[in-house]
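Q: Could you walk me through this one while I have it open?

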Amino acid sequence: MIDQHLFKLDGAGAIVRRLAVLEVLQAFLIIGQALSLSMVLTTLWQGKKLSWLYLLLFALCFTGRQLIDWWQDKMLDRYSNTEAEKLRQKLLGKVFNEGQALIQKQGTGSLITMALDGIDEVRNYIKLIYNKVLTMMIVPVLLFIAMLFVSWQCALILLVMYPLIVLFMIILGHAAQDKAIKQFGNFEILSNNFIDSLRGIDTLKYLGMSKRYSTSIFRLSENFRRKTMAVLRVAMLSTFALDFFTTLSIAVIAVYLGFSLLNGKIMLFSALAILILAPEYFLPIRNFAGDFHATLNGKNAFHRINQLIKAPKEPIEQLKLTSWKPNDQLTIQDLNFKYQKGTQIGPVSLQVQGYKKVGVIGMSGSGKSTLINLLSGFLTPENGHITIQNHDTSTLNIPDWHKQLIYIPQNPYVFTASLRDNVAFYTPQATDAEIKQAIHVVGLDDLVKELPHGLDTIIGQGKRVLSGGQAQRIALARAFLDRQRKIMIFDEPTAHLDIETEVDLKKKMLPLMKNHLVIFATHRLHWMKEMDYILVMDHGKLVEQGTFAELKQKNGYFVKLTQEMRGDQDE
């Protein structure tokens with residue numbers, strides 16, 4: 001229920017001390033409120049005049065309790081917001097530093113869920129735990145001591161009832177906790193599946209698989225709904241049981257006090273004081289149980305975010321690599337990689353040299369993107385041997401290798417900034433003349449004419465909306481401006497474009513590939529004629545490799561793939 005890391009947050013000790021003082025004061029105010037109200041009712045019952053002094057004391061205690069509640073909420077809101085935002089910044093910093101390596105391992109949907117909904121759950125968790133736990137630890141103890149002075153018999157009855165309620169809450173709490181942990185994992189799976197399907201919806205529609213995936217999302221969401229209702233049933237049962245037993249305990253005390261009053265064993269003042277204090281005695285644990293499910297979600301999110309923040313970094317090779325030259329070689333032998341879910345890629349063995357266009361072809365799910373991520377250094381192989389520029393290594397997660405890469409994914413990111421800043425993002429020293437030339441080369445002249453402020457027009461999220469083709473052209477313009485990097489890696493950059501836009505972009509892209517090492521993953525066969533060398537993937541394995549002519553002559557899987565995808569484009 002309570003994560004030990006919660007009390008290791010910055011300022012945790014100070015906030016706990018302040019809250020503890022307020023809870024002690026709260027308990028004394030509750031006692032004062034109960035005793036003063038009992039005295040007012042007792043004097044009225046005895047036919048005496050209304051005691052304005054005790055009534056004023058009751059009003060002061062009541063007002064004091066409300067002020068303390070207000071101050072606690074304000075203090076905890078401020079503290080929980082601050083610490084939740086710190087966690088968000090740490091998580092985003094981890095994602096920024098780890099980049100694609102962390103995203104590929106955890107999944108885009110999972111990280112988005114943690115950075116948005118997860119942080120909100122943690123904010124609520126911090127606020128509830130500090131408030132509810134301290135109240136439950138301090139207030140009942142002080143109220144029990146006060147009741148011992150009023151009627152020790154009633155105090156002992158309530159003391160016997162309290163552990164039974166706690167025991168019952170623990171039993172049902174464990175059942176709810178197990179279900180909540182499983183449900184949290186299901187939520188991450190659903191998030192990843194939804195985000196991946198959303199990002200690839202154009203490809204799925206193109207391949208005629210959109211209905212199958214929509215059925216899959218519906219099935220996952222229905223399964224998630226059913227399990228959510230199962231968790232809520234347990235949580236509601238726990239709350240109902242707790243309310244039932246606390247109400248029953250108060251009823252037992254009320255009956256006992258009634259018979260004691262009839263037998264003259266207790267004074268009216270004492271009976272009223274116990275009867276008023278009894279609900280307050282059980283109120284902290286009832287409030288805690290009422291928010292039990294919310295704290296479970298928050299604990300799971302808090303634990304998961306801390307796991308992500310403290311996750312070990314991908315191994316980095318500090319090799320000194322020079323700018324890629326025509327005689328440089330990259331040799332890979334028996335490279336293997338396995339995802340946590342069990343999907344395996346490899347073994348992969350290949351050799352590329354100098355400036356060459358290398359195509360990676362295969363059906364969706366064949367392992368193209370994983371191979372691209374391994375070659376980019378975004379994923380670390382489980383085993384295998386790599387030789388690059390005569391250096392031996394086990395991973396391409398090499399800073400000097402990344403400095404040479406121009407990486408263009410399916411959906412290039414367009415920053416909320418001016419068109420000028422977007423195009424010159426990697427080359428901020430570029431002049432306006434160079435930026436305009438890059439824009440002209442990739443065919444964005446019409447876009448510039450449409451923009452009200454030309455290059456200074458703000459584009460990106462919440463601003464000027466761009467089509468998929470325009471976003472890809474901006475990514476290509478960035479590549480055109482960067483003349484230093486000689487390695488270009490494309491991960492299905494035209495997957496979401498219509499064929500007319502793709503053909504137009506193809507004319508712009510091919511000249512940019514000259515004097516570069518290009519690795520181009522796609523499922524569009526018409527690109528393969530432009531490649532100097534082709535890698536053919538199938539179910540995670542590199543099944544064939546060679547030139548276009550060699551693969552045609554071999555009459556193997558590549559030819560079969562060509563026949564199956566003939567409707568895509570002429571091969």
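Q: Over how many bridges do strand E1 and E2 pair, and in which sense?
A: In this predicted model, where local features need pLDDT of at least 70, side-chain atom pairs count only at pLDDT 80 or more, and totals for chains, interfaces and linings use all residues, E1 (residues 329-338) pairs with E2 in the antiparallel sense over 7 bridges. Residues are numbered from 1 along each chain as its sequence is written, and side-chain values use heavy atoms, leaving out hydrogens and water. Strands are DSSP runs of E with at least two residues, helices are runs of H or I with at least four, and both are numbered from the N terminus; two strands pair if DSSP finds at least two bridges between them.

Q: Which residue in E2 is the bridge partner of Leu335?
A: That is Val348.

Q: And what is the strand order in the open sheet?
A: The 4 strands run E2-E1-E4-E5, with antiparallel pairing. Strand E2 (344-353) and strand E5 (391-393) are at the edges with a single partner strand each, so one side of each has no neighbour in the sheet.

Q: New topic: is Gln404 buried or exposed?
A: Gln404 is buried, because its relative accessibility is 7%, and buried means under 20% relative accessible area, against over 50% for exposed and partly exposed in between (1.4 Å probe, protein chains only).

Q: Where does Gln404 lie, and what does its side chain reach?
A: Gln404 sits in the loop between helix H11 (399-402) and strand E6 (405-408), and its side chain reaches the backbone oxygen of Asp400 at 3.3 Å.

Methods:
Polar contact = N/O pair within 3.5 Å; in protein donor to acceptor, adjacent residues only side chain to side chain.
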